[in-house]
Amino acid sequence: MAGGWFHSGDLAVTNPDGYIKIQDRSKDIIISGGENISSIEIENTIAKHSSVSLAAVVAKPDEKWGETPCAFVELIKDKPATEKEIIDFCRETLAGFKLPKKVVFCDLPKTSTGKIQKFELRKKAKELNWFFNMSKISIDLIWKLNKGEMSPGKYSNQHEIIWMCMDVY
């Protein structure tokens with residue numbers, strides 16, 4: 001309690017008729033290039049896709065924007081969809097800066113009561129970012145080795161150099 005209010009972390013608005021509508025959790029707001037993005041708004045949009053069973057959106061670290069939306073989607077059995085389809089579907093109703101930059105198809109981690117464990121998805125989003133950055137570094141190293149700009153030196157092949165860089169990174 002602070003100032004007579006219980007701080008739950010929920011963000012809400014009061015409608016003119018006096019009803020309170022919960023908009024999102026403060027920790028689930030994605031700040032991309034200075035814009036606040038509601039994860040619930042993106043989740044609700046994705047959930048309307050005919051192939052989607054369940055969706056959750058979290059912030060993924062981004063070098064340029066700070067954070068970008070990353071969607072984790074559970075598909076309905078035998079109803080495939082692609083990342084491009086999901087993003088194009090979102091583009092019909094969401095502003096460009098709200099579009100998920102990455103869509104991951106997986107079984108969403110849930111508690112025993114069925115609540116999505118967003119903290120697990122945040123970890124996965126950070127891992128995706130790490131893997132993407134490592135891929136860029138690896139591609140750059142291979143490019144330099146193939147062009148003769150770098151010498152493997154004491155390492156017997158390009159893969160050892162890449163793994164060495166991954167350990168250091």
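1. Helices (H or I, at least four residues) and strands (E, at least two) are DSSP runs, numbered from the N terminus. Thr113 lies in the loop between strand 7 (102-105) and helix 3 (118-147). Residues are numbered from 1 along each chain as its sequence is written. The model is predicted: local features need pLDDT of at least 70, side-chain atom pairs count only at pLDDT 80 or more, and totals for chains, interfaces and linings use all residues, while side-chain values use heavy atoms, leaving out hydrogens and water.

2. Thr113 counts as exposed because its relative accessibility is 73%; exposed means over 50% relative accessible area, buried under 20%, and partly exposed in between (1.4 Å probe, protein chains only).

3. The largest nonpolar core has 16 residues, of which Ile46, Val73 and Ile86 touch the most other members. Such a core is a set of buried Ala, Val, Leu, Ile, Met, Phe, Trp, Tyr and Cys residues joined through side-chain atoms within 4.5 Å. Helix 1, strand 5, strand 6 (66-75) and helix 2 (83-91) each supply at least two residues of this core. A second, separate core of nine residues includes Ala56, Val104, Ile116 and Ala125.

4. Not counting residues up to four places away in sequence, Ile46 touches Val52, Ala55, Val57, Ala71, Val73, Ile86, Cys90 and Pro100, where contact means heavy atoms within 4.5 Å. In soluble globular proteins, nonpolar side chains tend to be buried together.
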